[in-house]
Every structure is written in C-alpha cells, then in structure tokens.
Amino acid sequence: MKVLNLQCRHGHAFEGWFGSDEDFRSQQERGLLECPLCADTEIQKMPSAPRLNLSGAKEEAPAAPAETRALSPEAQTLQAMWLRAVRHVMEHTEDVGERFAEEARRIHYGEAEARNIRGQASREDTEALLEEGIEVLPLPVPAALKGPVQ
C-alpha cells in the first residue's frame, strides 16, 4: 500500500492510499481522483520522499516551487475550521435535495414544520428566495461529506 501526498490546483493538500504508483496513475487518467474539499479533479502528486541520510552529507534540499508547496499553517488551520463548520451543518440539518427552494418556501410561509434544511438550488432560485425575504446561505460541500457523516 502506498500513501501519497496529493494536492488539487487550489492548494488543498490531502493523502491518497493506492496499491501502487500504477494504480494512482490509472485512477488519475480515468478522472477518479477528487479533492475531498472542493471536488477538483486536477490532482497532482506531491514530493514525499523519506528523508534518509545514508552518506552523512549535509546538503540543503532545494525549496519546492511555489505551486507545489504545502499550505501554510494558517491556511491549514482555516481549512480545518471550514471543514468542521461544514460537518456541523451536515450533522444538524435535514437534506431535502433538489426540493430545497420549495421546502424553504413552505417553512417560511408556515406550511411545513420549521427545521434546519439543506439541499441544492440554482442561482436563480437562491436569488428568488432572498428577494422573498427567505434567508439562505450557499455552502459548497465537499463530495467526501455528501455521504453519511462519520
């Protein structure tokens, strides 16, 4: 089993577990790899060689190019906080799926029980809800969290 450090084009770093390098390349070519935070499918493998000092040499390793550097500690903290917030929303709302706009209106006008809901709505539906005075908040949910919350 190979554990690879991966990164999407937006700088989100994560791990992937593969049977081999060929398994990684195959999944990448078939578009099966996806960032767990933003669902981006443009994934690159990050350098992750173990640091072995077999020769006793004390050479400085060259700095990685800017596009392959890991997130700063502040960015990692912000990413973790955002992910916790999304998980909280997922755990404390009912998923009404594509019926979101309809159900939000029913709740707003007292036709359905008041409760916290989430789902999908088009930009037009979202703008119409806001114009009606119905408070909504677009929240992108990582594909990895769309299943059962763990």
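The largest pocket holds about 910 Å³ of space. This is a predicted model, where local features need pLDDT of at least 70, side-chain atom pairs count only at pLDDT 80 or more, and totals for chains, interfaces and linings use all residues. Residues are numbered from 1 along each chain as its sequence is written, and side-chain values use heavy atoms, without hydrogens and water.

A pocket here is an open set of points on a 1 Å grid over the protein atoms alone, where a 1.4 Å probe fits, with protein on both sides within 12 Å along at least five of seven lines; lining residues have an atom within 4 Å of a point. The volume is the space filled by probe spheres set on the points, which are joined across faces, edges and corners.

Start by selecting Phe 100, Ile 117, Arg 118, Gly 119 and Leu 137, which lie nearest the pocket's centre among its 25 lining residues. Next, colour α3, which gives the most to this lining, with 4 residues.

Show side chains for Phe 100, Ala 101, Ala 104 and Arg 105 in α3, which meet Asp 125, Ala 128 and Leu 129 in α4; contact means heavy atoms within 4.5 Å.

Terms used
Helix = DSSP H or I, 4+ residues; strand = E, 2+ residues; numbered from the N terminus.
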